[in-house]
Amino acid sequence: QIFTNKLSIQNPKVKGVVCPGGQYECPDGNTCCKLSSGQWGCCPLPNAVCCSDGEHCCPHGYTCSGGTCQQESRVTKLFKKNPAIQVKNVICPDGQSECPDGSTCCKLPSGQWGCCPLPNAVCCSDHEHCCPQGYTCDLAAETCTKQSETIQIFTNKLSIQNPKVKGVVCPGGQYECPDGNTCCKLSSGQWGCCPLPEAVCCPDGVHCCPHGSTCSGDQCLRESHVTRLFKKNPARQVVKPLKIK
């Protein structure tokens, strides 16, 4: 049977929004948006719409249209993005693993997070190697290629497990789930908690399945195996304050 996501707990002690990749953060109540430079910027609105020009953003539910933000007959001005702040450590998507500054989080063959010693790197499909931004992994030759340029491939290293983190921080850094859970988006757009590690989040925004399974109706399928229904546990608040650097 299929699992149901629970609402996550918003931690009021988390004072910043961590942008995808974990290298940049924005002030609380902001939204991470890519700048025209390719770096992360901060839109001074929660759950904002990032405009494709790399400079502006609009409130949630609005559309970027020329020099304005539009929602049906309502029109408001465009908001300008500000540069994001670079954090000291790179926080991986599981919220529990960290990599040194200037690294990129890449999945290892074990399923754990590892660290590529390059910023904004390309994680290779073998989960063991990585390449600089803009390069392609050539695993057969163990090289990184970019047009006619070829360089030696890089190897991922183990990430650091932060013993102070007792929960799973959801992407964005504002919501967290209990240890051993997986963050899944709810149908409301908020983060919820699936009571399984490395779970599969079903597209209905309500359910989830164990790692390696497929969401199928009200069941989780893996080849000929059908998973039984597990009892859900409510999300809990982390006892110790969570510090995101």
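## Charges over aromatic rings

The charged end of Lys77 lies over the ring of Phe79, 4.0 Å from its centre. Likewise, Lys107 places its charged end over the ring of Trp113, at 5.1 Å from the centre. A charge counts as sitting over a ring if NZ of Lys or CZ of Arg is within 6 Å of the ring centre and within 35 degrees of the ring normal.

## Basis of the model

This is a predicted model, in which local features need pLDDT of at least 70 and side-chain atom pairs count only at pLDDT 80 or more, while totals for chains, interfaces and linings use all residues. Residues are numbered from 1 along each chain as its sequence is written, and side-chain values use heavy atoms, with hydrogens and water left out.

## Overall make-up

The chain has zero helices and 36 strands; these are DSSP runs numbered from the N terminus, helices being H or I with at least four residues and strands E with at least two. Of its 245 residues, 43% are buried. Buried means under 20% relative accessible area, exposed over 50%, and partly exposed in between, with a 1.4 Å probe and protein chains only.

## Nonpolar cores

The largest nonpolar core consists of eight residues: Val17, Cys19, Tyr24, Cys26, Cys32, Trp40, Cys42 and Ala84. Strand 5 (24-27) and strand 7 (40-43) each supply at least two residues of this core. Apart from it lies another core, of seven residues, including Cys170 and Trp191. Such a core is a set of buried Ala, Val, Leu, Ile, Met, Phe, Trp, Tyr and Cys residues joined through side-chain atoms within 4.5 Å.

## Disulfides

The whole structure contains 16 disulfides, each a pair of cysteine sulfur atoms within 2.5 Å. One of them joins Cys92 and Cys105, with sulfur atoms 2.1 Å apart. This link is left-handed, with -80 degrees about the S-S bond. Cys92 lies in the loop between strand 16 (90-91) and strand 17 (97-99), and Cys105 lies in strand 18 (residues 104-107), 13 residues apart. Both Cys92 and Cys105 are buried.

Another disulfide joins Cys194 to Cys208, S to S 2.0 Å. Its torsion about the S-S bond is about 85 degrees, so the disulfide is right-handed. Cys194 belongs to strand 31 (residues 191-194) and Cys208 to strand 33 (residues 207-209), so the pair ties together parts 14 residues apart in sequence. Cys194 is buried, with a relative accessible area of 0%, and Cys208 is buried with a value of 0%.
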